[in-house]
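Work through the exercises below with the sequence and the model open. Each task is followed by a solution in steps.

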Amino acid sequence: MKKVYANANEALDGLLTDGMLIAAGGFGLSGIPELLIAAIRDSGVKDLTVASNNAGVDDFGLGLLLQTKQIRKMISSYVGENAEFMRQYLSGELELEFNPQGTLAERMRAGGAGIPGFYTKTGVGTVIADGKEVKNFDGEDYILERGIVADLAIVKAWKADDTGNLIFRKTARNFNPPAAMCGKICVAEVEEIVPRGSIDPDHIHLPGIYVHRIIQGQHEKRIEQRTTRKREEA
């Protein structure tokens with residue numbers, strides 16, 4: 001089965017529909033599938049629900065899809081660093097389902113593992129618990145969270161072989177593995193595609209069975225907040 005495609009547009013061909021649920025890897029601007037996001041913007045698909053820790057910044061990452069009003073709802077943990085995200089949410093233009101970060105990661109992982117739901121103490125007694133089933137275990141209340149199964153997962157990795165085995169680089173691993181797992185179809189963009197068999201099996205972070213299409217590309221790798229200090233004088 002062919003998994004390697006020439007570019008993001010080809011890799012997404014036939015996969016995008018209005019109103020679909022997309023799981024996107026990344027944390028801030030670290031490990032975001034920037035090429036696939038740009039291709040989704042260019043496709044014009046709309047009314048999207050996107051499950052992602054946050055939405056990039058105003059002019060990069062998922063912020064591009066907010067600019068074009070292609071996202072109807074975000075399932076996220078954090079709305080900071082993106083003024084347009086906050087503006088649309090506060091004005092009622094964008095629906096937002098807040099999730100604690102660990103809960104969001106576990107919802108994705110659970111969906112990929114075939115687990116329809118799980119109980120957690122996180123959010124008990126807060127607005128996070130509103131409308132959710134509460135169950136008592138050993139004298140403690142827990143809320144039911146549903147696993148996420150996305151129509152499409154888009155992720156960014158460091159290396160891949162042509163079967164889709166992925167290696168992520170350091171903190172860029174973040175939400176990428178659980179996002180990839182929960183997609184009915186997963187498209188990965190990578191910095192390098194290496195020959196089959198050249199990756200030590202013990203070094204694989206995500207097995208290729210979860211990955212359906214791969215592209216290799218050049219990445220901008222922006223720094224979300226550049227912080228520097230003056231060089232000390234000799």
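**Exercise 1: the cavity**

The largest cavity is lined by 14 residues, and those nearest its centre are G25, I32, S52, N54 and L62. The model is a predicted one, in which local features need pLDDT of at least 70 and side-chain atom pairs count only at pLDDT 80 or more, while totals for chains, interfaces and linings use all residues. Residues are numbered from 1 along each chain as its sequence is written, and side-chain values use heavy atoms, with hydrogens and water left out.

Task: state how many cavities of 30 Å³ or more there are, and describe the lining of the largest cavity.

Solution. 
- Step 1, the terms. On a 1 Å grid over the protein atoms alone, a cavity is a set of points where a 1.4 Å probe fits but cannot get out; a pocket is an open set with protein on both sides within 12 Å along at least five of seven lines; lining residues have an atom within 4 Å of a point. Grid points are joined across faces, edges and corners, and a volume is the space filled by probe spheres set on the points.
- Step 2, the count. There is 1 cavity of 30 Å³ or more, and the largest cavity has a volume of about 70 Å³.
- Step 3, the lining. It divides into 7 nonpolar residues, 7 polar and no charged. Here Ala, Val, Leu, Ile, Met, Phe, Trp, Tyr, Cys and Pro count as nonpolar, Asp, Glu, Lys and Arg as charged, and the others, Gly among them, as polar.

**Exercise 2: the pocket**

Task: give the volume of the largest pocket and find which strand supplies the largest share of its lining.

Solution. 
- Step 1. The volume of the largest pocket is about 270 Å³. Its lining has 18 residues, of which S30, G31, K156, A172 and K221 are the closest to the centre.
- Step 2. Strand β8 (residues 152-161) supplies the largest share of this lining, 3 residues. Helices (H or I, at least four residues) and strands (E, at least two) are DSSP runs, numbered from the N terminus.
- Step 3. By class, the lining of the largest pocket holds 7 nonpolar, 4 polar and 7 charged residues.

**Exercise 3: helix α4 and N82**

Task: find which residues of α4 are buried, and trace the contacts of N82.

Solution. 
- Step 1. In α4 (residues 83-90), the buried residues are E84, F85 and Q88. Buried means under 20% relative accessible area, exposed over 50%, and partly exposed in between (1.4 Å probe, protein chains only).
- Step 2. These residues lie on the same side of α4, because they cover an arc of only 105 degrees around the axis. The arc is that of the directions from the helix axis to the C-beta atoms.
- Step 3. The buried residues of α4 pack against α3 (63-67), β3 (71-76) and β4 (95-98).
- Step 4. N82 lies in the loop between β3 and α4 and, at 0% relative accessibility, counts as buried. Not counting residues up to four places away in sequence, N82 touches A55, G56, V57, D58, G63 and L66 (contact means heavy atoms within 4.5 Å).
- Step 5. At the start of α4, a side-chain oxygen of N82 comes to within 3.2 Å of the backbone nitrogen of E84. A polar atom of the N82 side chain also lies 2.9 Å from the backbone oxygen of A55. A polar contact is a pair of N or O atoms within 3.5 Å; within protein, one must be able to donate a hydrogen and the other to accept it, and residues adjacent in sequence count only if both atoms are side-chain atoms.
- Step 6. After α4 comes G92, with a positive phi near 80 degrees.
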